[in-house]
Amino acid sequence: MICIIDYEVGNIGSIKNMIKKIGYECIVSREHEIIKNADKLLLPGVGSFDFAMRKLEEFDLIDILNTEVLIKKKPILGICLGMQLMTKGSDEGEKKGLAWIDGYTNLFRVDKLKIPHMGWNLVNIEKKHFLSDDLFDENRFYFVHSYHVQCNNKEDILFSTEYGLKFVSGFAKDNIYGVQFHPEKSHKFGKKLFENFCSKGIKNVKA
């Protein structure tokens, strides 16, 4: 079972529908026991960095997530702002991030391009990983963001994208994964990425 973390920040409905469409059991919750019993976790996110971190604190989720992710090594996928929260901090706010990844979230500083970076863009695969298995020759995903992640360890970079500069659009370190784009809005490309995330170690309920 996959638990989508409900901290009142994120495009939860669309993610839940996509997971169920590909045949996996999922639940939206912030209950500690459900998080503990889940096989995998999804951390969505839309909005501002500090607001999201305050919500994680408000719902007493940081300690339980640290235990499940860092100690029990439970797989987790962060989406958009959820990915950024896994870094040490952001130009957008003053609060510290979860610091699961050695990296920081920077404001886009590009000339003559609109910010936020919004719409479809190509995603390049930077390393072999089960999340990128059987993706397409040209992978197009949907983005909406004004900030981007910088990884200090190049080996953590899974995907990259060009928008005035080359930025990290996905990372993977041990059991911790993040994508800057919205797979739930990315049609066949997002469907395949979710299938890759869900399929390892979990039985498809429709199989």
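The legends below describe close-up views of a predicted model.

**View 1. The largest pocket and the residues around it.** In this predicted model, the largest pocket holds about 180 Å³ of space. Its lining is made by 13 residues, and those closest to the centre of the pocket are G47, C80, V144, H145 and S146. Sorted by class, the lining has six nonpolar residues, six polar residues and one charged residue.

**View 2. H145, in strand β7.** Among the residues closest to the centre of the largest pocket is H145, and its relative accessibility is 4%, so H145 counts as buried, the cut-off being under 20%. The side chain of H145 is joined to the side chain of H117 by a polar contact of 2.8 Å, and the side chain of H145 also reaches the backbone oxygen of Y147 at 2.7 Å. If residues up to four places away in sequence are not counted, H145 touches F108, P116, H117, F167 and Q180.

View 3. When neighbours within four places in sequence are left aside, L42 is in contact with I2, C3, I4, I5, I15, I19, L77, I79, F194 and F197.

**View 4. Helix α3, residues 49-58, and what covers it.** The buried residues in this helix are F49, D50, A52, M53, K55 and L56, and the elements that cover them include β3 (40-43), α4 (62-71) and α5. At the start of α3, a side-chain oxygen of S48 comes to within 3.4 Å of the backbone nitrogen of F51. Just after the helix, D60 takes a positive phi of about 55 degrees.

**View 5. S48, in the loop between β3 and α3.** Not counting residues up to four places away in sequence, S48 touches L81 and E92. S48 and S90 are 42 residues apart in sequence, while the distance between their C-alpha atoms is 9.7 Å.

**View 6. N139, in strand β7, and S132, in the loop between β6 (117-125) and β7.** N139 counts as buried because its relative accessibility is 3%, and, residues up to four places away in sequence not being counted, N139 touches N121, L122, V123, I125 and F189. From N139 to G190 there are 51 residues in sequence and 9.3 Å in space, C-alpha to C-alpha. S132 is buried as well, with a relative accessible area of 9%, and its contacts, leaving aside neighbours within four places in sequence, are I125, K127, L158, F159 and N196. S132 and T105 are 27 residues apart in sequence, and their C-alpha atoms are 23 Å apart in space.

**View 7. Backbone angles at P116, K112 and A99.** Most residues other than glycine have a negative phi, and most peptide bonds are trans. The peptide bond from I115 to P116, however, is cis, with omega near 15 degrees, and P116 is placed in the loop between β5 (103-107) and β6. K112 lies in the loop between β5 and β6 and has a positive phi of about 65 degrees although it is not a glycine. With 86% relative accessibility, K112 counts as exposed. A99, found in the loop between α5 and β5, has a phi near 60 degrees, which is a positive value in a residue other than glycine. With 43% relative accessibility, A99 counts as partly exposed.

How values were computed:
Residues are numbered from 1 along each chain as its sequence is written. This is a predicted model: local features need pLDDT of at least 70, side-chain atom pairs count only at pLDDT 80 or more; totals for chains, interfaces and linings use all residues. Side-chain values use heavy atoms; hydrogens and water are left out. On a 1 Å grid over the protein atoms alone, a cavity is a set of points where a 1.4 Å probe fits but cannot get out, and a pocket is an open set with protein on both sides within 12 Å along at least five of seven lines; lining residues have an atom within 4 Å of a point. Grid points are joined across faces, edges and corners, and a volume is the space filled by probe spheres set on the points. Ala, Val, Leu, Ile, Met, Phe, Trp, Tyr, Cys and Pro count as nonpolar, Asp, Glu, Lys and Arg as charged, and the others, Gly among them, as polar. Contact means heavy atoms within 4.5 Å. Buried means under 20% relative accessible area, exposed over 50%, partly exposed in between (1.4 Å probe, protein chains only). Helices (H or I, at least four residues) and strands (E, at least two) are DSSP runs, numbered from the N terminus. A polar contact is a pair of N or O atoms within 3.5 Å; within protein, one must be able to donate a hydrogen and the other to accept it, and residues adjacent in sequence count only if both atoms are side-chain atoms.
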